[in-house]
Amino acid sequence: MRRFVFLAFMLCGAQSDSNAQWGIRATILHFETLTPRGTFSFLGGLDHDLTDRTAMGLDFTVGVDLFGTGASTQTEYAGYSVDYILTQKSMGLTYRSMYFFADNDGGAAFYAGPFIGFRQVTYEVSPTTYSYDEPSWSRHETGSTTMFPIGMRMGFRGPLDGFSGDIYVGFGFMAGGSDPVKAPYLDSKDRLSRTILQAGYTMGIGW
């Protein structure tokens, strides 16, 4: 993780000129599909404009349970009716680059560019069954795994001069990682996804 942060900041500082600007931004409305159900995250980010048409950014995300996604879920498995409570936590970093299709020193401009990062995902799951004979898989499980999102992001961002907003969507795939727990009864919406969709709106300031 420390190597990733160091490399990202080195890249952000490379090729900058005297007119390059910096900005910081944050939101609690960064949505992404680490699982098909999707999760919201807190996002804190750093932007760096290299030219009027190019920029780089670094985002730190921490998953938050804004809308009760950890509530009890009921499903069927091996002839049993299973209730379980899944607590999912995540954190990660994303490095992204942006190409603007108009000069970004005026109004909001459309941009697109690739991103790459990592997500550390932790599961804690507690099942119960409607049966007197508890099967071997009906037990409390915890575990974690690391995945690497790679994809494209696009959106509209204002200039880094005072207040700056950024509305965006992204899509890609998740490399690496494996099931963090041995819980075959999990609903498909709670299993790790191999694709990632994300969307959000951040606000910040630039100088």
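**View 1. Contacts of L186 in the predicted model.** In this predicted model, L186 touches Y84, Y123, V125, V181 and R191, when residues up to four places away in sequence are not counted. L186 also belongs to the largest nonpolar core, which has 18 residues, and it is listed with Y84, Y123, V125, V181, A183 and Y185 as the residues that touch the most other members. Strands β5 (80-100) and β6 each supply at least two residues of this core.

View 2. As a general background to both views, nonpolar side chains tend to be buried together in soluble globular proteins.

**View 3. The aromatic pair of Y77 and W137.** The structure holds nine aromatic pairs, and in one of them the rings of Y77 and W137 have their centres 5.0 Å apart, with their planes at 80°, so the pair is edge-to-face. Because Y77 lies in strand β4 (residues 72-77) and W137 in the loop between β6 (109-129) and β7 (141-157), the pair ties together parts that are 60 residues apart in sequence. W137 is buried, with a relative accessible area of 12%, whereas Y77, at 28% relative accessibility, counts as partly exposed.

**View 4. A cluster of linked rings.** Ring pairs join Y77 and W137 with Y80, Y84 and Y185 into a cluster. Two of these residues, Y84 and Y185, are also named in the largest nonpolar core.

**View 5. A charge over a ring.** The charged end of R153 sits over the ring of Y168, at 3.7 Å from the centre of that ring.

Note on methods. Residues are numbered from 1 along each chain as its sequence is written. This is a predicted model: local features need pLDDT of at least 70, side-chain atom pairs count only at pLDDT 80 or more; totals for chains, interfaces and linings use all residues. Side-chain values use heavy atoms; hydrogens and water are left out. Rings of Phe, Tyr and Trp (its six-membered ring) pair if their centres lie within 6.5 Å; planes under 30 degrees apart count as stacked, over 60 as edge-to-face and the rest as tilted. Helices (H or I, at least four residues) and strands (E, at least two) are DSSP runs, numbered from the N terminus. Buried means under 20% relative accessible area, exposed over 50%, partly exposed in between (1.4 Å probe, protein chains only). A charge sits over a ring if NZ of Lys or CZ of Arg is within 6 Å of the ring centre and within 35 degrees of the ring normal. A nonpolar core is a set of buried Ala, Val, Leu, Ile, Met, Phe, Trp, Tyr and Cys residues joined through side-chain atoms within 4.5 Å. Contact means heavy atoms within 4.5 Å.
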